[in-house]
Amino acid sequence: MSLTESHEHLTRDGRERKGFFTDTSICIGCKACEVACKEWNHIPTDSDWELRDSSYDNTGELGADTWRHVAFIEQGSEQIERARESGRRLVSLGMPTIGPPQARAAADGEADLSGVDTTPPDTPDFRWLMSSDVCKHCTNAGCLDVCPTGALFRTEFGTVVVQEDICNGCGTCVAGCPFGVIERRSDGIAAPKTDRDLPTPNVGVAQKCTLCYDRLTDGQTPACAQACPTTSIRFGSHEELAKIARARVRELHKQGLTEARLYGANPQDGVGGTGSIFLLLDEPEVYGLPPDPRVPTADLPRMYKRAATAALGMLAAVAIAFLGGRR
């Protein structure tokens with residue numbers, strides 16, 4: 001493991017980083033994770049739970065009132081084949097090893113999946129792509145970088161959490177997230193206030209997944225992972241989950257599913273890798289994910305350098321004009 005990869009799996013104080021691995025190939029779209037997330041975190045409903053015209057989904061996307069969202073995407077045989085072709089074009093940057101896949105996995109110290117039924121559904125002509133999306137808890141988090149009040153902080157588990165009592169609702173973090181995850185909560189509940197049992201909490205405050213920080217501090221599993229019936233959502237050590245994810249991709253490739261790929265597992269991407277790793281069966285754009293996410297603050301050093309150069313140029317021009325005028 002490289003120095004960069006080793007640092008990615010640890011928090012700033014050297015503790016083990018926690019995270020999610022979402023295997024979309026075994027997600028059945030039951031939305032148990034959505035319900036468990038809402039129940040545990042006391043998140044208000046965000047609609048009348050009516051199906052959308054474009055999908056069987058009823059939540060649509062992540063937001064202040066949807067911290068877990070299961071996407072429903074239909075694909076026919078042509079789309080499946082395009083996905084497999086795009087997967088075949090992916091280039092592995094790892095060093096080659098000698099031996100059968102089982103030996104390579106053992107050499108890498110990765111989990112043994114031989115006792116687990118990892119057979120994907122046989123869908124040569126049609127399939128559903130179902131994916132439970134969540135906050136990425138980026139290594140370099142744009143929302144955390146731009147927050148002017150210190151309302152967002154990095155926990156001892158390497159996750160990013162909003163402190164509701166400090167957030168002033170400025171919305172700077174909303175623009176700082178390259179994934180469009182974090183939003184301010186509005187009072188847009190369908191039922192009138194007079195018909196509600198309780199008022200809408202934290203109106204105007206930035207909201208997103210906390211990876212169930214309150215549960216983690218008590219040694220518990222996040223609600224969504226606890227409720228997932230297929231283990232599509234796994235929680236644990238970020239390092240171990242990354243190994244399991246890579247082993248799972250190799251397993252699917254052996255079965256001919258070349259479209260399988262990982263998202264968020266590259267520490268060299270524009271956000272330094274993410275705490276939430278995803279196994280996808282098509283390109284990220286199909287799932288509504290940016291193909292090359294980049295934290296906005298990554299360009300700050302270059303911007304400061306250019307600004308300083310421009311300022312020096314202006315000072316030099318003023319000095320020349322002043323000295324020339326004295327003559």
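Me: What makes strand E2 (residues 68–76) largely enclosed by the rest of the structure?
Reply: Keep in mind that this is a predicted model. Seven of the nine residues of E2 are buried, so the strand is largely enclosed by the rest of the structure.

Me: And why do E2 and E3 count as a pair?
Reply: The cut-off is at least two bridges. E2 and E3 have nine, in the antiparallel sense, so they pair. As one example, Gly76 has Phe126 in E3 as its bridge partner.

Me: Why is Ser131 called buried?
Reply: Buried means under 20% relative accessible area. Ser131 comes in at 5%, so it is buried. This residue is found in strand E3 (residues 126–134). Leaving aside neighbours within four places in sequence, the contacts of Ser131 include His69, Val70 and Ala71, as well as Tyr287.

Me: On to the rings. How many aromatic pairs does a search of the whole structure find?
Reply: Six. One of them is Phe72 with Trp128, at 6.1 Å centre to centre and 80 degrees between the planes. Centres within 6.5 Å make a pair and planes over 60 degrees apart make it edge-to-face, so Phe72 and Trp128 get that label. Phe72 lies in E2 and Trp128 in E3, so the pair ties together parts 56 residues apart in sequence. Ring pairs also link Phe126 with these two into a cluster.

Me: Are Phe72 and Trp128 buried or partly exposed?
Reply: One of each. Phe72 has 18% relative accessibility, under the 20% limit, so it is buried. Trp128 has 32%, which falls between 20% and 50%, so it is partly exposed.

Me: What makes the pair of Phe179 and Tyr263 edge-to-face?
Reply: Their planes are at 85 degrees, so the pair is edge-to-face, with ring centres 6.5 Å apart. Phe179 is in the loop between helix H6 (172–176) and strand E6 (183–184), while Tyr263 is in strand E9 (residues 261–263), 84 residues apart. Phe179 is buried at 14% relative accessible area, and Tyr263 is buried at 6%.

Definitions and conventions: Residues are numbered from 1 along each chain as its sequence is written. This is a predicted model: local features need pLDDT of at least 70, side-chain atom pairs count only at pLDDT 80 or more; totals for chains, interfaces and linings use all residues. Side-chain values use heavy atoms; hydrogens and water are left out. Helices (H or I, at least four residues) and strands (E, at least two) are DSSP runs, numbered from the N terminus. Buried means under 20% relative accessible area, exposed over 50%, partly exposed in between (1.4 Å probe, protein chains only). Contact means heavy atoms within 4.5 Å. Rings of Phe, Tyr and Trp (its six-membered ring) pair if their centres lie within 6.5 Å; planes under 30 degrees apart count as stacked, over 60 as edge-to-face and the rest as tilted.
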